[in-house]
Amino acid sequence: MAKKVVATLKTGNGKAFTKCIKMVKSEKTGAYAFKEEIVANEEVKDFFAKK
């Protein structure tokens, strides 16, 4: 399934997007979790700026 996503993003409008991975700390347990999201290139700084 991942191959389909990668192939789709490499063609056409796919180069206008970036896959962002951010490590987020849980307030309840204190454990870290990873948050992944595919965002437009212009919104990458906003993704990492918000909590």
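I started with Phe47 and found it buried, at a relative accessible area of 2%. For burial I used these classes: buried is under 20% relative accessible area, exposed is over 50%, and partly exposed lies in between (1.4 Å probe, protein chains only). The model is predicted, so I took local features only at pLDDT of at least 70 and side-chain atom pairs only at pLDDT 80 or more, while totals for chains, interfaces and linings use all residues. Residues are numbered from 1 along each chain as its sequence is written, and side-chain values use heavy atoms, with hydrogens and water left out.

**Entry: overall layout**

I looked up the elements next. The protein chain has two helices and two strands. Read from the N terminus, their order is α-β-β-α. Helices (H or I, at least four residues) and strands (E, at least two) are DSSP runs, numbered from the N terminus. The protein chain has 51 residues, and buried ones make up 12% of them. I also checked contacts, meaning heavy atoms within 4.5 Å. Of those between residues at least 6 apart in sequence, 27% join residues at least 24 apart.

**Entry: the aromatic pair**

I went back to Phe47 and searched for ring partners. The whole structure gives one aromatic pair. Phe47 and Phe48 form it, edge-to-face, at 5.1 Å centre to centre and with 80° between the planes. The rule covers rings of Phe, Tyr and Trp (its six-membered ring) with centres within 6.5 Å; planes under 30 degrees apart are stacked, over 60 edge-to-face, the rest tilted. Phe47 is buried, whereas Phe48 is partly exposed at 41% relative accessibility.

**Entry: Lys22**

What sits over the ring of Phe47? I found the charged end of Lys22 there, 4.9 Å from the ring centre. The test asks for NZ of Lys or CZ of Arg within 6 Å of the ring centre and within 35 degrees of the ring normal. Lys22 belongs to strand 1, residues 17-25.

I then asked which backbone oxygen the side chain of Lys22 reaches. I found that of Phe47, at 3.0 Å. This is a polar contact: a pair of N or O atoms within 3.5 Å, where within protein one must be able to donate a hydrogen and the other to accept it, and residues adjacent in sequence count only if both atoms are side-chain atoms.

Lys22 is buried yet has no salt bridge. I noted Glu37 as the nearest side chain of opposite charge, 7.5 Å away. In this count Lys and Arg are positive and Asp and Glu negative; His and the chain ends are not counted. Setting aside residues up to four places away in sequence, Lys22 touches Ala33, Phe34, Lys35, Phe47, Phe48 and Lys50.

**Entry: the salt bridge**

How many salt bridges does the structure hold? I found one. A salt bridge needs a side-chain nitrogen of Lys or Arg within 4 Å of a carboxyl oxygen of Asp or Glu. The side chains of Glu36 and Lys19 make it, at 3.3 Å, N to O. The pair links distant parts of the chain: Glu36 is in strand 2 (residues 32-40) and Lys19 in strand 1, 17 residues apart.

Glu36 is partly exposed at 48% relative accessibility. Lys19 is exposed at 53%. Glu36 also touches Cys20 and Ile21, leaving out residues up to four places away in sequence. I read 6.5 Å between the C-alpha atoms of Glu36 and Lys22, which are 14 residues apart along the chain.

**Entry: Lys35 and Val24**

Lys35 lies in strand 2 and is partly exposed at 34% relative accessibility. Beyond its neighbours within four places in sequence, I listed its contacts as Cys20, Ile21, Lys22, Val24 and Phe47. Lys35 and Met23 are twelve residues apart in sequence, and their C-alpha atoms are 6.2 Å apart.

Val24 is in strand 1. Its relative accessible area is 33%, so I logged it as partly exposed. Apart from neighbours within four places in sequence, Val24 contacts Ala31, Tyr32, Ala33 and Lys35. From Val24 to Phe34 I read 6.0 Å, C-alpha to C-alpha, across ten residues of sequence.

**Entry: the loop**

Last, I looked up Thr29. It is in the loop between strand 1 and strand 2. Thr29 is exposed, at 63% relative accessibility. Its side chain reaches the backbone nitrogen of Ala31 at 3.3 Å.
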